[in-house]
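Please walk me through this structure.

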Amino acid sequence: MAQKLTFIEILRRALDEELTRDPAVHLLGEDVAVGGAFGVTKGLAQKHGAQRVRNTPISEAAITGVATGAAICGLRPVLEIMFIDFVTLAMDCLVNQAAKYRYMSGGQLAVPMVVRTQAGAAGGAAAQHSQSLESWFIHVPGLVVVAPSSPVEAYGLLKSSVRLGDPVLFIEHKRLYAQREAFVPDGPLPGIGTARIARAGTDVTLIAYSAMVGNALEAAEELARSGISAEVIDLRTLLPLDMSTIAASVAKTHRAVIAHEAVLNGGVGAEIAAHIGHELFDELDAPVTRVGCPFAPIPFAPELERALLPGTANIVAAVRELSS
Amino acid sequence: MTASAPTLDDWKEMLRTLWRIRLFEGQVQRLAAAGEVPGFPHLSTGQEAVAVGVCAHLTRKDSLFTGHRGHGHALAKGCDLQATFAEIIGRDSGLCRGRGGSMHLVDADNGMLGATGVVGGNLPLAAGAAWAAQVRGDRTISVVFFGDGATGAGVFHETVNLAVLWRLPILFVCENNGYAEFTSREEHSKVNHVSAFAAPYGMPAKTIDGNDLRVVHAAAGNAIAGLRDGSGPFLLECMTYRLAGHYVGDAQQYRSKEDLAAVQEKCPIERLKRQLIAQGVSESELAGIAEEAKREVLQAVEGARAAARPDPSTVLEYVYSAPSLSATTG
């Protein structure tokens with residue numbers, strides 16, 4: 001019987017194993033030595049020492065810079081930024097320094113760093129603790145953006161991210177933290193930049209990432225009851241984008257719906273839709289459709305939050321509209 | 001690395017480096033005016049003693065970070081004259097194969113680990129390198145050069161605080177040239193000296209005459225010895241003067257003629273020469289040092305100018321660790 005672990009427990013396990021495997025791996029962030037705001041790093045300072053799991057002041061700009069500087073000098077820092085909303089404070093380092101180090105130095109230096117951060121809306125965290133800002137980062141050459149959809153996925157993707165030679169923004173959705181999944185650590189680690197087929201189907205391709213993959217799978221289940229066979233692609237990595245997996249699926253189903261929690265404007269869905277429109281124009285039997293958040297900040301009151309956030313019903317409705 | 005008190009030969013060697021930097025930047029200025037230097041080169045003319053006095057204590061294993069005005073720091077750290085010039089004029093043989101340019105000089109083998117064009121951005125990077133040095137435990141240190149203007153950025157304060165908390169082996173070297181870009185310090189801050197920011201965070205600091213190489217050398221030597229012994233970060237504020245404008249082509253209308261004339265007197269090269277003459281070195285020997293430096297610089301400049309330009313077909317190299325990570329796969 002496989003052990004069932006939560007998303008948080010599985011992240012901890014991946015970090016613990018990477019700390020054990022490679023002495024260059026170091027964790028830093030606000031409160032990480034006492035477990036971090038969400039308990040992901042609980043117990044790791046006791047096990048691996050205060051030098052390798054270090055608390056920092058509330059100084060996102062400096063700690064992102066410190067992680068970057070340490071990375072170019074041979075450490076493999078894993079930095080926790082408590083909420084993706086706070087990454088705004090670290091933008092100079094991420095965008096101007098970390099992303100460009102390899103390029104600007106003509107390949108002399110690299111930044112093997114992971115910035116773990118937590119994103120998405122749930123439970124009334126309101127406008128400054130609920131955003132989905134991933135599309136800002138897929139616009140920056142040199143960065144890698146990873147957004148796991150489940151505990152088991154998070155395990156492999158985090159380990160692959162730690163071992164990569166590039167700066168990775170690793171986005172954990174707060175809605176997934178308590179999710180529990182049977183876990184057997186085996187098999188090769190997923191390659192960064194490879195999507196996976198989360199459910200096979202023939203009539204429509206649902207493309208999603210992070211927590212929205214769960215909604216896409218629910219939507220596929222509901223659609224199956226009315227005879228529509230949906231294939232679900234879990235992107236796993238947003239930058240680079242695995243267009244070959246998407247193309248193979250859309251060439252088979254001839255319909256595509258892209259779903260994410262972020263607002264539609266300038267989003268990941270727009271990027272994918274442009275690729276599909278250009279590269280698979282002849283394959284399409286219907287316009288490419290996007291499901292995402294209406295263009296507003298995330299509100300506080302539960303009724304308003306529910307009203308704004310896209311979910312399973314929106315995906316089902318989008319598919320039905322395509323099929324009608 | 002200069003051990004304890006420098007010999008007369010050590011001072012002569014440092015004079016040579018001062019000249020190399022001065023003449024090198026003179027060539028940058030000349031070629032920029034001729035349209036051969038892309039972008040916005042920033043000169044450190046007049047501030048060379050800070051670079052030379054600090055870097056005299058560093059080995060190749062020590063890390064150095066600078067900002068947009070970093071040619072002197074790179075050369076003082078040991079970067080090759082020709083490869084550095086080639087980078088500044090965008091050649092394939094440049095330090096960064098023409099990807100970085102004047103504001104982003106990197107020479108990893110010499111510990112020249114970064115030059116950032118965004119003021120203040122280099123400070124936490126240097127602290128990160130200091131952390132890595134602390135983890136290695138090999139008595140190496142990290143040095144960051146920045147201007148007084150950088151203290152207006154929040155990240156300066158964040159980094160100093162963290163460096164003290166973690167007791168990092170980092171030397172903060174402020175080149176206080178009295179100007180943040182085009183505005184004099186008095187208009188930027190009511191805090192007259194950057195060193196005043198150190199005490200509240202619990203960091204030792206010293207304000208010195210940055211145009212006197214001997215003063216810089218002695219102060220940096222003491223600070224760096226402490227850093228290697230694990231005594232934690234130190235801030236050295238070097239009062240200096242930018243003889244050049246903010247960037248090449250800056251007409252410097254914000255400065256008076258008297259102001260500029262007064263500082264010619266403070267020129268670090270002239271001051272060191274006067275000191276060496278007082279120690280018995282002949283004028284002709286000093287002139288010979290300048291001549292040699294000039295020959296070296298001109299040879300490097302001509303070598304760089306003759307070097308191949310980057311191949312446009314290589315423009316997508318070095319974005320990621322592997323080609324498979326290019327923005328879209330498939």
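Helix 8 (residues 212-225) of chain A packs against helix 12 (residues 312-323) of chain A at an angle of about 50°, and their axes are 8 Å apart. The model is a predicted one. Two packed helices are described by the angle between their axes and the distance between the axes. Angles under 35 degrees would count as roughly parallel, and 65 to 115 as roughly perpendicular. An angle of about 50° therefore makes helix 8 of chain A oblique to helix 12 of chain A. The crossing of helix 8 of chain A with helix 12 of chain A is right-handed.

Now look at the residues that meet. Helix 8 of chain A brings A:Asn215, A:Ala216, A:Glu218, A:Ala219, A:Glu222 and A:Leu223. Helix 12 of chain A answers with A:Thr312, A:Ile315, A:Val316 and A:Val319. Sorted by class, this contact has 6 nonpolar, 2 polar and 2 charged residues.

Step back to the whole of chain A. Chain A has 12 helices and 15 strands. Its C-alpha trace spans about 60 × 45 × 40 Å along the principal axes. A compact globule of 324 residues would have a radius of gyration near 20 Å; chain A has 19 Å, so the value agrees. Of those 324 residues, 57% count as buried. Take the contacts in chain A between residues at least 6 apart in sequence: 78% of them join residues at least 24 apart.

Turn to chain B. Here the secondary structure comes to 12 helices and 9 strands. The C-alpha trace of chain B spans about 70 × 50 × 40 Å along its principal axes. For 330 residues, a compact globule would have a radius of gyration near 20 Å; chain B has 20 Å, so this value agrees. Buried residues make up 52% of the 330 residues in chain B. Among contacts in chain B between residues at least 6 apart in sequence, 76% link residues at least 24 apart.

Where do the chains touch? In all, 44 residues of chain A are in contact with 41 residues of chain B. On the chain A side, the elements that give two or more residues are helix 3 (60-72), helix 4 (91-97), helix 5 (101-104), strand 13 (241-242) and helix 9 (243-253) of chain A. Helix 3 of chain A gives the most to this side, with 9 residues. By class, the side of chain A that touches chain B has 23 nonpolar, 17 polar and 4 charged residues.

Technical notes:
Residues are numbered from 1 along each chain as its sequence is written. Chains are lettered from A and ligands numbered from 1 in the order in which they are written. This is a predicted model: local features need pLDDT of at least 70, side-chain atom pairs count only at pLDDT 80 or more; totals for chains, interfaces and linings use all residues. Two residues are in contact if their C-beta atoms, placed from the backbone, lie within 7 Å. Helices (H or I, at least four residues) and strands (E, at least two) are DSSP runs, numbered from the N terminus. Ala, Val, Leu, Ile, Met, Phe, Trp, Tyr, Cys and Pro count as nonpolar, Asp, Glu, Lys and Arg as charged, and the others, Gly among them, as polar. Axes are lines fitted to C-alpha atoms, for helices over the stretch in contact, and angles run from 0 to 180 degrees between N-to-C directions. Angles under 35 degrees count as roughly parallel, over 145 as roughly antiparallel, 65 to 115 as roughly perpendicular and the rest as oblique. A crossing is left-handed if the near helix is turned anticlockwise from the far one by less than a right angle, and right-handed if clockwise. The radius of gyration is taken over C-alpha atoms; the globule rule is 2.2 Å times the number of residues to the power 0.38. A residue is buried if 20 or more other C-beta atoms lie within 10 Å of its own, exposed if 12 or fewer, and partly exposed in between; C-beta atoms are placed from the backbone.
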